[in-house]
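Biologist: I would like to learn how to read this kind of model. Please take me through the features one by one.

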Amino acid sequence: MKRTALLSPEEADLLIGEVIDGGASPAQQAQLAHLLATDPAVRRTYLEHCRMEASLAWEFGVLGGEAFPTEPSPASRGEARIPALPVSWWKPLAWAASLMLVATTAGLFVPNLLREARWNAGGAVGIVDRYAGGSLAVSNTSIILSPGESLRAGEYELSGGFAGLTLAQNVSLMMEGPAHFQIVSAGRLILHRGKLAARVPPEGVGFTVETPHAQIVDHGTDFGVDVSADRTSEIHVFEGEVEVQSLAATTEPLRLGTAQATRVDAASGSLSGIELDQERFLRSFDEPSLPYSRKVKLKDPVAYYRMAISEDGLTLLDRSTHSRHGRIIRGDLDLPPMVPGRFGASLRTESKNFGWVSEGPTSESGLLTLTTWIYANTRVRSATIAHTQTPAGPGQFRLGLFGDQGGLAVEVLDLSGQVVRLNDPSPLPLGTWHHVAVVADGDFLALYRGGERVARTACTGVMPLTTQSLAIGAELRPDSAGPAPGTSRFWDGRIDEFAVLNAPLEPAEITALNQTTPPNRRNKK
Amino acid sequence: MPAPSAEFIQLITSHQSRLYAYTLSLLGDRQQAQDVMQETNLILWEKSDQFRPGSNFAAWMLKIAYFQVMTHRRRRRKLEQFVFDDNLLENLAAESSAATDWQERQQAALQACLEKLPERQREIVHRRYSEGYSIRKLAGQLGAAAPAIKQTLFRARSNLIKCVQFRLQEGIS
């Protein structure tokens, strides 16, 4: 103990640091205890550091039931982070509740109420603009935010769908759920899981996104960040420049420019260059007003499903004047049913998502045009792009793939009630967008892909029907009430801009639709 | 048990930092300090109807916390030896309690002071407190030895203490 009296102020400081940071040995603790008992200056410094430690823990939200940094136990060493310790809240609560058998319900609300009060005490750093499906909640509280409400520093969970946020300095974020993220300040966000697309104006330069293994500092740009379930991060720059620093490696930061992307490995933290993926991030709630949509609308379509994101995330919006809105039937994946499309958003039909319109569009004139954009991941046998059905039998059209051959195929019910079939002899190329059109002009049935006619046969026109159900991306049951039982004919990919017209389009008009390109595409056809 | 009022919840919330500082200073162990802090919160909640509005909440809270620290020490005495003896504990408790209500003013000053930290210190503070990285992990990430990280953290806290004290003395927040 005599040695303790000989400690320099610096050594005493180190001892305090060891105790505060949780790494002091029993001997060091004893040394400090002796100093605290004998030296008022050390005692004052120790208490000041305890107060600052508490202030920092409060400031960064690790008090009130949140995670708290401690040294890892031997069993947990090697983990990237220290897991949250909610048990520190719940243990005494559960103990008390079971012991006293009173006030159980009230007692269990204690931590949530404290967290809510803590969150409410923070200053606003942004605002929730809008939602599409899902809900945005402050983590571990009952607070669910509505559009127009303030965002404050804290942790958030987006259950699904999309949320548009605006932070101070006009930084716009489109979050895709399921996502877990923390807003540290108006200029800093930590994305633990999920996707975001950021648009940072000049006044927001320096906005920083952290992922489990990287820090991304914006230099005035549009970029996307994706943190997958295995904690791998991807950063895609659509325009401008960002600086990416791996948190695990001590290498120089990487500067990513327009149309560049990188992946940060979850295990090693190493950076690997990858191709920019425009299809990965949905960057706007609104479908762009483009020459393509104007051309379609000029033809007064019977139905026009632009695949716009709806407020509830599950309505298939008809943008024609007829408002034949449908529903999106969710499939197997807990992911938003809308993904980037040819123009704006598209319907994600992989994993058995599909669109269903119970009172779907019909051609009452006997003339018909179908026009759409499709993207296939795989050529599922006899996969369905669009299928119509009535309780009495087939509807006016079915568009999809031809068996295992995989070329486009179309069937229409002609004026005599016979089914006329047509198919493209070439398998549909995968992994790219195709414009597809079907035209029944009263003489012929023609199939177009990429603006070119790929098949044609004689056809008197389509049988006028007053009602039929429509499925987009799936085959309907014979009673038209839903997808066929046990069907394997779902479309594996995306479908966009599906329109039904009551009149035939001319070949030149189809060519023009095919040639309409989306804005800001740099790497995809 | 009647549910505590909104005012009471606000009082508990606004004293969390002070409560943690108090239990940490008496126990010298972060995890134990957090556990006792939560136990104290529960008792405060249960006894909320005994608190007289307008009286000194901090003094009442710290009195309960002191009792909980002593209970905790008694419970754990069989498992470990506490290096802070009862006399030292009383001294620390008295000095720690003597501080006036400081949380709101200190937090406002702290936010400004964090921005003024040297970049390296600010980064380490952020990663340590916001991200929850251990000293060991921080050392690995930054290619530095663990003692160097601890030293930087200590210096960062020292700088913040000086800066906050200056701002409070000068009436800047």
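Biologist: By the distance rule, what does the disulfide count come to over all chains?

Modeller: The rule takes a pair of cysteine sulfur atoms within 2.5 Å as a disulfide. Over all chains, the count comes to 1 disulfide. Before we go on, this is a predicted model: local features need pLDDT of at least 70, side-chain atom pairs count only at pLDDT 80 or more, and totals for chains, interfaces and linings use all residues. Residues are numbered from 1 along each chain as its sequence is written, chains are lettered from A and ligands numbered from 1 in the order in which they are written, and side-chain values use heavy atoms, with hydrogens and water left out.

Biologist: Which cysteines form the disulfide?

Modeller: Cys113(B) and Cys163(B), with their sulfur atoms 2.0 Å apart. The angle about the S-S bond is -85 degrees, and the link of Cys113(B) and Cys163(B) is left-handed.

Biologist: Is Cys113(B) buried or exposed?

Modeller: Buried means under 20% relative accessible area, exposed over 50%, and partly exposed in between, using a 1.4 Å probe and protein chains only. Cys113(B) has 2% relative accessibility, so it counts as buried. Cys163(B), at 18%, is buried too. In chain A, Cys50(A) is buried at 1%, and Cys459(A) is buried at 3%.

Biologist: How much of chain A is buried?

Modeller: Buried residues make up 55% of its 525 residues.

Biologist: How many helices and strands are there in chain A?

Modeller: Chain A has 9 helices and 32 strands.

Biologist: What is the strand order in the open sheet of 8 strands?

Modeller: Strands of a sheet pair through backbone hydrogen bonds, either parallel or antiparallel. Two strands count as paired if DSSP finds at least two bridges between them. In chain A the order is β18-β19-β22-β31-β24-β25-β26-β27, with antiparallel pairing. The edge strands, β18 (315–316) and β27 (419–427) of chain A, each pair on one side only.

Biologist: How many bridges join β24 to β31 in chain A?

Modeller: There are 4, between antiparallel strands β24 (residues 384–390) and β31 (residues 469–472) of chain A. Thr388(A) stands opposite Leu470(A) in β31(A).

Definitions and conventions. Helices (H or I, at least four residues) and strands (E, at least two) are DSSP runs, numbered from the N terminus.
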